[in-house]
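Reader: I'd like to learn how to read the contacts between chains in a model like this one. Could you walk me through it?

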Amino acid sequence: MTSVEGLLGCEQDSQRTLSPYVTGTSVIGIKYKDGILMTADMGGSYGSTLRYKSVERMKSIGKHSLLGASGEISDFQEILRYLDELIKYDNMWDDGNSFGPKEIHNYLTRIMYNRRNKFDPLWNSLVLGGVKNGQKYLGTVSMIGVHFEDNHVATGFGNHLARPILRDEWKEDLSYEEAVKLLEKCMRVLLYRDRSAINKLQVAKITEEGVTISQPYSLKTFWGFNAFQNPSKGAEGTW
Amino acid sequence: MFRNQYDTDVTTWSPQGRLFQVEYAMEAVKQGSAAIGLRSKTYIVLASVNKANSELSSHQKKIFKVDDHIGVAIAGLTADGRVLSRYLRSECINYSFTYESPLPVGRLVVQLADKAQVCTQRSWKRPYGVGLLVAGLDESGAHLYYNCPSGNYFEYQAFAIGSRSQAAKTYLERKFESFMDSSREDLIKHALFAIKETLQGEKLTSSICTVAVVGVEEPFHILDQKTIQELIESFEIREEEVADEGAAMQEQSPEPAPMDI
Amino acid sequence: MARFSPYDNNGGTCVAIAGADYCVIAADTRMSTGYSILTRDYSKICKLADKCLLASSGFQADVRALQKVLSSRHLVYQHQHNKQMSCPAMGQLLSNTLYYKRFFPYYAFNVLGGLDSEGKGCVFTYDAVGSYERVGYSAQGSGSTLIMPVLDNQLKSPSPLLLPAKDAVTPLSENEAVDLVKDVFASATERDIYTGDRVEIVIVNAEGIRREYIELRKD
């Protein structure tokens, strides 16, 4: 009889992911007037070392979907291979039917949940956005298969730092400019407070017209805040 | 005497390039009682003739719901038809489990055709002896397909299979140009008229036919007998009465086909 | 180092009350993980048949998988029997489905509510591995410890030991039951951080299904 310990594997010669190696941090996605906007920085952390600085963590999937990932980068790239295969076979039918964001999101949820059932998870939190037939779609899946849709979603630290901002400031009919501004505000907060975040990010857009992923750029920062320069001021006794 | 040497198993070619076993399977379709289908842009109607084996028995079911958006009508070996509809149902359920959306009809039909084709190329198998009219709706619109025991499949505006289906086909060929923009009720009317053609003078009643509909905003369902009877009466498809009472007398209702028993 | 855990607790509270000719099924719409709220608008109630609804809390991925298994099985049942499953039949199926995963359980806490074949309200309540019981009312999930004693106090069902057996259905009218549900959810939200945002109330009776939503505290 295999014990749970056995299922989880021992440290020496495990064929499963026991902990991630190279990871990406938060992804944020929001609905706006014409579709979905998503943003993620391009850092790839090796533990606490910032090892890679040009990792693309958002990719288009077929005609109607956009996928962003945080967590293990290699697992994300494996997921992209699964989806490339799926989309290829979908296109080969050439019959006027195609997978929309809802189908892709469900398929990803099945994959993530199946792998957790095998105690061999894909170590990612995924954000899936898309537009098909005038319908906007934004959802997320975690590495154990927890999934939901919302008007704005975020993974990892984004859940703690970005979503409270989004809950205050998001509205249904944000223009593209307003939406980018809102995402940049969130990313700036993450940059200040999430040590894995780096100041090189991309913004991806998906509308009825298709996907565009921006060139990498950086945000203007201001490190002269009093609390940054003298963090212990006003907190007597702390170091 | 002469005996066909090339028809004892499916995998043997005749010198003329024919596969007799496959052709025999297609003959089985012709012997089953008729099934017809027709469609507009947004609706598909299936109808079948139900022949009971005897006065004492009920008839075999010939129209099956596959999913909310797909249904089939069959002619030929009903037992094979049931097996295939079960396959179709499970494919639909599996697809919607993975994607939470309905399986496109055209894709289901290809899977079904591939399954039939395998039986024409294995020495230890026999072809399915059933023809299926697959009616369905997906994002590319309304569809009607015919699946043949040979593994071939065809898309139609309107089609009829089974015994004396030629009469129904002639009727449908005469009328099909108006089908695309027809209303749901008109499609049902044409379906009943087409069915009537296959009866060769026998009276059309709700007890010897089944009608099913699928369309935009209308999940596939089989109409109940009462509704069909009312429709038959309202369309006045009833026999033109006394006019040829004599003729009707001699036209004993034909024997049910061996395939339906 | 943090190890992989196949489970999470996404919280949530489910309540069902059966009456003589109705059943009220309710659940909040908050989904959380740890101290974070994932979304404020996730329905925990799944319609399995015309007169049979399932409310579940626990681990959302397991809950969704369970709902999908039951829906698929119900489709097969409809194909084979040309009718919808009765609520007691669905109750047994749910128990079997949960027990099938006895040694890697669905982390799901379920209340199944609806009408039985006589049109009487029925509630089935479960643990994660499938033991179940037909009752007159029940609460499951993160707020159940706060709600269940209140229901006991207000609805005092006859002892299941009584002979001959008494009906477990509550004596309340439909409107009284709905009001009670609103109150217990408002109360549970005060103390349970995993319950809140909104409560979805589904009422099943001879006319069909009706839904109501009441806002709850969002903190």
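## Reading the interfaces

Author: Let's start with polar contacts: across the interface of chain C and chain A, the rule finds eight residue pairs in polar contact, both residues at pLDDT 80 or more. A polar contact is a pair of N or O atoms within 3.5 Å; within protein, one must be able to donate a hydrogen and the other to accept it, and residues adjacent in sequence count only if both atoms are side-chain atoms. pLDDT is the predictor's confidence in each residue, from 0 to 100.

Reader: Which elements give two or more residues to the side of chain C that touches chain A?

Author: Those are β4 (36-39) and α1 (60-81) of chain C; helices (H or I, at least four residues) and strands (E, at least two) are DSSP runs, numbered from the N terminus. α1(C) gives the most to that side, with six residues. By class, the side of chain C that touches chain A has 14 nonpolar, five polar and six charged residues. Here Ala, Val, Leu, Ile, Met, Phe, Trp, Tyr, Cys and Pro count as nonpolar, Asp, Glu, Lys and Arg as charged, and the others, Gly among them, as polar.

Reader: What ground rules sit behind these values?

Author: This is a predicted model, so local features need pLDDT of at least 70 and side-chain atom pairs count only at pLDDT 80 or more, while totals for chains, interfaces and linings use all residues. Residues are numbered from 1 along each chain as its sequence is written, chains are lettered from A and ligands numbered from 1 in the order in which they are written, and side-chain values use heavy atoms, with hydrogens and water left out.

Reader: How much area do chain C and chain A bury between them?

Author: The size of an interface is often given as the accessible area lost when the parts come together. Buried area is the accessible area (1.4 Å probe) that two parts lose on being put together, summed over both. For chain C and chain A that comes to about 2000 Å², 56% of it on carbon and sulfur atoms. In chain C, the residues losing the most area to chain A are C:R3, C:F4 and C:L38, together 31% of what that side buries. Contact means heavy atoms within 4.5 Å, and this one takes 25 residues from chain C and 24 residues from chain A.

Reader: And how many salt bridges are counted between chain C and chain A?

Author: Side chains of opposite charge can pair when their charged atoms come close. The rule for a salt bridge is a side-chain nitrogen of Lys or Arg within 4 Å of a carboxyl oxygen of Asp or Glu. Between chain C and chain A the count is one: A:R116 meets C:D62, N to O at 3.0 Å.

Reader: Now chain B and chain A: how many salt bridges does the rule find there?

Author: Three. In one of them, B:R107 pairs with A:D95, the closest N and O atoms being 3.0 Å apart. Chain B's side facing chain A draws two or more residues from each of α2 (78-99) and α3 (105-118) of chain B, and α2(B) gives the most, with four residues. The area buried between chain B and chain A is about 1200 Å², with carbon and sulfur atoms giving 50%. B:Y99, B:R107 and B:E139 lose the most area on chain B's side, together 53% of what that side buries.

Reader: Where does pLDDT stay under 50 in chain B?

Author: Over residues 241-251, for which the model has one contact beyond four places in sequence. Chain B averages a pLDDT of 91, with 90% of the residues scoring at least 70. Chain C averages 96, and 100% of the residues score at least 70. The model as a whole scores ipTM 0.94 and pTM 0.92.
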